Amino acid sequence: MSFFMLVKINNFIISCIVVFIPFFPITIHASPDINYIIKDDSILNSRNDLTGDPYKGRELVRDRNKGNCLACHQLPIPEDAFHGTIGPSLHKISLRLTEAQIRLRVTDMKQINPISIMPGYFRSPEKITRISPLYENCTILSAQEVEDIVSYLVTLKSDPFESPL
Ligand code: HEC
């Protein structure tokens, strides 16, 4: 094999690593303690009385490796284009739902609609089937991240693009 051939192969391997590494930055939250209590269509209290940070929540809903909510929902986040329309618009969501109702929907929408396509961001791993061994016993987001997102959605009371954040 010629020297140039080897250089080409090396370059190919390096580009593969550079291209594919960004697809695996997902943080895994191993062995989560799922201890929330569902009442009617709500989860009344945050787990262990965590306090959400709405600014972090806004970033988490945008982040494609975290919530990626914009893939399916419209939100008052004008700096991102092409919001999805598979799910309902979340503009003014807190005029329609209470904080406790929003918490259950973000935690595990399948508790309300068993055939929902919305990911259960803090769904009990025991209920998740056909999963790669890498993600066994994991939730998509941490309890703190769910609270951050809930606290952001609670701020959405006004007209589109007039979010206080
Ligand atoms: C794969 C698409 C998808 C993703 C990603 C997604 N959702 Fe949903 N979401 C839905 C669908 C569809 C519904 C409608 C309810 C159902 O599934 O029956 C919904 C409903 C909701 C509702 C209730 C809305 C209402 O008017 O009752 C909230 C709140 C919500 N989603 C928040 C979020 C948040 C926050 C994220 C990101 C952390 C997110 N969703 C990510 C598809 C998605």
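Here is a walk through this protein, from its overall layout to one helix pair and then the ligand.

Keep in mind that you're looking at a predicted model. The protein is built from five helices and four strands.

Now find helix α4, residues 99-108, and helix α5, residues 143-154. Their axes come within 9 Å and cross at roughly 135 degrees. Angles over 145 would count as roughly antiparallel and 65 to 115 as roughly perpendicular, so α4 is oblique to α5. The crossing of α4 past α5 is right-handed. On the α4 side, the contact is made by E99, I102, R103, V106 and T107, while α5 brings V146, I149, V150, L153 and V154. Sort the residues of this contact by class and you get seven nonpolar, one polar and two charged.

Next, turn to the ligand. Which residues come nearest to it? Out of 25 residues around the ligand, those are G67, C69, C72, G87 and S116. The helices take part in this shell too: α3 (93-96), α4 and α5 each supply at least two residues. Of the elements contributing here, α4 gives the most, with three residues. As for the make-up of the shell around the ligand, 17 residues are nonpolar, six are polar and two are charged.

Definitions and conventions
Residues are numbered from 1 along each chain as its sequence is written. This is a predicted model: local features need pLDDT of at least 70, side-chain atom pairs count only at pLDDT 80 or more; totals for chains, interfaces and linings use all residues. Axes are lines fitted to C-alpha atoms, for helices over the stretch in contact, and angles run from 0 to 180 degrees between N-to-C directions. Angles under 35 degrees count as roughly parallel, over 145 as roughly antiparallel, 65 to 115 as roughly perpendicular and the rest as oblique. A crossing is left-handed if the near helix is turned anticlockwise from the far one by less than a right angle, and right-handed if clockwise. Two residues are in contact if their C-beta atoms, placed from the backbone, lie within 7 Å. Ala, Val, Leu, Ile, Met, Phe, Trp, Tyr, Cys and Pro count as nonpolar, Asp, Glu, Lys and Arg as charged, and the others, Gly among them, as polar. A residue is near a molecule or strand if its C-beta atom, placed from the backbone, lies within 6 Å of it.
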